[in-house]
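Subject: Structure for your use, with notes

Hello,

The structure is placed just below, and my notes on it follow. Please read them with the coordinates open.

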Amino acid sequence: MAPKVLLMGELFWAGPDAEELLGGIAELVPMESQSREEFFQDCAPGGRYSDIVGIYHEHLSDKIGAGYDSVGVKAAKARGIGVSNTPGAVDKATAITAVFLLVATMRRFSWCEANLRAGGFNPPGVEESARDLSGKTVGILGMGGIGLKMANYIRPFGCNLLYHNRRPNSLAPPDVKYVSELYEFLGQLDVLMVSIPLSEKTRGFVGVKEIRTMKKGSIIVNTARGPVIDEEAMIKALQDGHLGSVGLDVFTKEPEVDQRLKDMKHITLLPHVGTENQEARRKMERTALVNLKEFLTTGTGPNLVPECQ
């Protein structure tokens with residue numbers, strides 16, 4: 001009998017890939033539990049999922065993606081369960097979203113569009129507050145796959161690019177300068193691009209001190225996870241003018257968005273759509289299936305998250 005893999009979520013784009021990758025290797029079992037409590041019962045000895053060996057997990061809010069903060073990794077590791085994610089599959093889509101937020105925020109394009117849709121045209125105040133990207137210092141916090149894509153996409157704008165990471169990334173373009181000291185890095189920036197994963201260590205990583213170290217009038221773009229920024233500190237800095245604007249695809253309490261942010265016409269907000277396109281979604285689903293296939297055929301899955309390596 002083929003080992004069983006539980007499908008916790010829909011294979012919307014990669015249905016045919018599932019047959020190609022796992023056909024004859026595994027039996028795919030759709031999850032039918034109607035509640036968390038029922039699911040626990042179904043996984044207990046004698047339950048209908050008690051003999052599963054792998055799980056395809058699609059989180060209801062952030063789907064699969066590279067982020068895995070919705071999974072209890074420590075608990076899984078303690079039980080000898082490997083957790084893998086889909087790095088690389090979302091790099092391009094997320095980086096493009098970040099660049100959109102960067103341009104729209106610097107040039108106040110969202111403000112202009114909203115004014116036009118409301119019946120106006122060129123809103124007063126845009127020319128005085130909009131800024132050109134050329135010559136600005138843009139810093140990328142987190143030079144992983146997404147950060148690398150950001151750097152390559154931003155370079156043609158003629159910006160001075162810096163990055164801060166736990167260690168230098170040998171793949172970073174030679175003209176993108178590594179700054180090892182966080183506050184030295186932040187103090188030089190016109191724009192901070194946030195691209196770090198959410199973990200216990202990074203929750204609130206960009207807080208009051210970090211924001212206030214940045215130049216007055218600087219901008220933050222976040223396509224990582226909302227809680228890596230102290231949202232209250234960010235809002236206060238926007239209100240008192242220390243931050244010139246922000247471009248956000250992620251928020252602390254999604255899907256709720258603080259009304260104070262909604263009321264600020266000079267900032268750019270997106271509803272966590274950084275990877276919302278057909279090609280990226282198919283890559284994510286297929287990569288998750290490849291992870292499962294490798295586990296079933298070799299005994300270990302690729303793309304294990306750092307905590308499980």
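Lys-4 stands opposite Glu-27 in strand E2. Strand E1 (residues 4-8) and E2 pair in the parallel sense over four bridges; two strands count as paired if DSSP finds at least two bridges between them. Helices (H or I, at least four residues) and strands (E, at least two) are DSSP runs, numbered from the N terminus.

This is a predicted model, in which local features need pLDDT of at least 70 and side-chain atom pairs count only at pLDDT 80 or more, while totals for chains, interfaces and linings use all residues. Residues are numbered from 1 along each chain as its sequence is written, and side-chain values use heavy atoms, with hydrogens and water left out.

The sheet with E1

E1 belongs to an open sheet of three strands in the order E2-E1-E3, with parallel pairing. The edges are strand E2 (27-30) and strand E3 (52-57); each has a single partner strand, so one side of each is left without a neighbour in the sheet. From one strand to the next the twist averages 30° (axes are lines fitted to C-alpha atoms, for helices over the stretch in contact, and angles run from 0 to 180 degrees between N-to-C directions). Helix H12 (residues 278-298) packs on this sheet and touches E1 and E3, its direction making about 165° with that of E3. Contact here means heavy atoms within 4.5 Å.

Strand E5 (160-164) has four of its five residues buried, so it is largely enclosed by the rest of the structure. Buried means under 20% relative accessible area, exposed over 50%, and partly exposed in between (1.4 Å probe, protein chains only). E4 and E5 run parallel and are joined by five bridges, with Ile-140 opposite Tyr-163 in E5. The chain crosses from E4 through H7 to E5 in a right-handed β-α-β crossover (right-handed if, with the strands pointing away from the viewer, the path from the first strand over the helix to the second runs clockwise). Two bridges join E5 to strand E6 (residues 177-178), again in parallel, and Leu-162 stands opposite Lys-177 in E6.

In helix H7 (residues 145-154) the buried residues are Ile-146, Gly-147, Leu-148, Met-150, Ala-151 and Ile-154. They pack against helix H4 (91-107), strand E4 (137-141), E5 and strand E7 (191-194).

Thr-97 is in helix H4 and is buried, with a relative accessible area of 10%. A polar atom of the Thr-97 side chain lies 2.9 Å from the backbone oxygen of Ala-93. Neighbours within four places in sequence aside, Thr-97 is in contact with Thr-223, Asp-249, Leu-270, Val-273 and Gly-274.

Pro-271 sits in the loop between strand E10 (268-269) and H12. Pro-271 is exposed, at 62% relative accessible area.

Phe-121 is in the loop between helix H5 (109-117) and helix H6 (126-129), and is exposed, with a relative accessible area of 66%. Leaving aside neighbours within four places in sequence, Phe-121 is in contact with Cys-112, Asn-115 and Leu-116.

Domains

The chain is divided into domain 1 (4-59 + 277-308) and domain 2 (91-269), with bounds from an automatic or database domain assignment. Their C-alpha centres lie 34 Å apart.

Regards

Methods
Polar contact = N/O pair within 3.5 Å; in protein donor to acceptor, adjacent residues only side chain to side chain.
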